[in-house]
Amino acid sequence: MKSARSPVAVWRGRDLLDGRVVESTTVILRTRGCRWNRCVMCGYAQEGVDASAEDIIAQFRSILERLRGAELVKIYTSGSFLDPVEVPEAARVEMLRSLRDTDVRRLVIESRPEHIDRPALERILSFIDVEVGIGLESSSDLVRMHLINKGFTFSDFARASDLIHSLGGRVKTYLLLKPPGLSEMDAIADALRSARDAEPHSDIISLNLCNIQRNTPLERMWQRGSYRPPWLWSAVEVLRESSLRVPVICDPVGAGAKRGPHNCGTCDGYVADAIRSFSLSQNRADLNVDCSCRSVWKKVLELEDISFGTPLV
């Protein structure tokens, strides 16, 4: 049974902070979840419970010891940290006060654009340096609105990013590799174009590789055989070719699983490790990995290009 006083997950890791690799802690708080909750690939809201401000504060206090030595902390909620219905202001303020007695130098949160407003940002920035993650997914309104059902436009993203920057905050932009409805080649092209379009509005870009979450429209597509998660080689291609002034990072969640991004099964582990190494180093030499299945991936791109004809994006 899901407890309103227990977070979904907490773990330690390593992340980039102003070009340095530092210790980080990630916590996913259990809240009522995303109010939009209509994106075709997202099942995170299923973790939700009707958590009060007191419940959320109790969750955070339970993990404070895990922040020891971490310079960066990510507080995620499977929704929007800045949504006052999901995370009441009293809970936000108490968590921010608690961070004053830690080694944390930067807080990373996530929010949809409609919840990003000046008063909430000013309050957070009065406590700590903050980076706001926004799930743009694609810079194409066609892809985002009709294939993903994200519910906001690129202009909404740009306005929110401009507000964050005007107040001294940072923006982390999430892009989705291979939304449903795109061929593998189109997905690569969409990610590369989206990275270029998002760069002026971003301090860091995170490439998220689509995976199959349970009880979602995407899972039903996958079960019918009409969707395959992206090849890890496609992620390598995007990371190699996205020559931007801001860091581009990627953590291939579920790599090697049928529901996650995968190659042939033999190389999945070391290709995923190469992607993670690149995300910390930003050195393309870390992506110099190979496997015989790479030629299969190239053939897939070629055959899909012939089969699909005119690109959707």
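The buried residues of helix 3 are covered by elements that include helix 2 (89–99), strand 4 (106–110), strand 5 (129–137) and helix 5 (154–166). This description rests on a predicted model.

**Helix 3**
- Helix 3 spans residues 118–125, and its buried residues are Ala-120, Leu-121 and Ile-124.
- These residues lie on the same side of helix 3, because they cover an arc of only 95° around the axis.
- At the start of helix 3, the backbone nitrogen of Ala-120 has a side-chain oxygen of Asp-117 within 2.9 Å.

**Nonpolar cores**
- The largest nonpolar core comprises 89 residues, of which Leu-107, Leu-207 and Trp-233 touch the most other members.
- Apart from this core lies another, of 7 residues, including Leu-17, Leu-72, Val-108 and Tyr-174.
- Beyond its neighbours within four places in sequence, Leu-207 is in contact with Leu-175, Leu-177, Ala-191, Ala-235, Val-238, Leu-239, Ile-249, Cys-250 and Asp-251.
- In soluble globular proteins, nonpolar side chains tend to be buried together.

**Val-49**
- Val-49 is located in the loop between strand 2 (20–28) and helix 1 (53–61).
- Val-49 counts as buried because its relative accessibility is 18%, and buried means under 20%.
- When residues up to four places away in sequence are not counted, Val-49 touches Lys-2, Ala-4, Arg-30, Thr-31 and Arg-32.
- From C-alpha to C-alpha, Val-49 and Asp-251 are 27 Å apart in space, and they are 202 residues apart in sequence.

Conventions
Residues numbered from 1 in each chain as written. Predicted model: local features only at pLDDT ≥ 70, side-chain atom pairs only at ≥ 80, totals over all residues. Heavy atoms only, no water. Buried < 20%, exposed > 50% of the residue type's maximum accessible area, 1.4 Å probe, protein only. Helix = DSSP H or I, 4+ residues; strand = E, 2+ residues; numbered from the N terminus. Arc of directions from axis to C-beta. Contact = heavy atoms within 4.5 Å. Polar contact = N/O pair within 3.5 Å; in protein donor to acceptor, adjacent residues only side chain to side chain. Core = buried A, V, L, I, M, F, W, Y, C linked by side-chain atoms within 4.5 Å.
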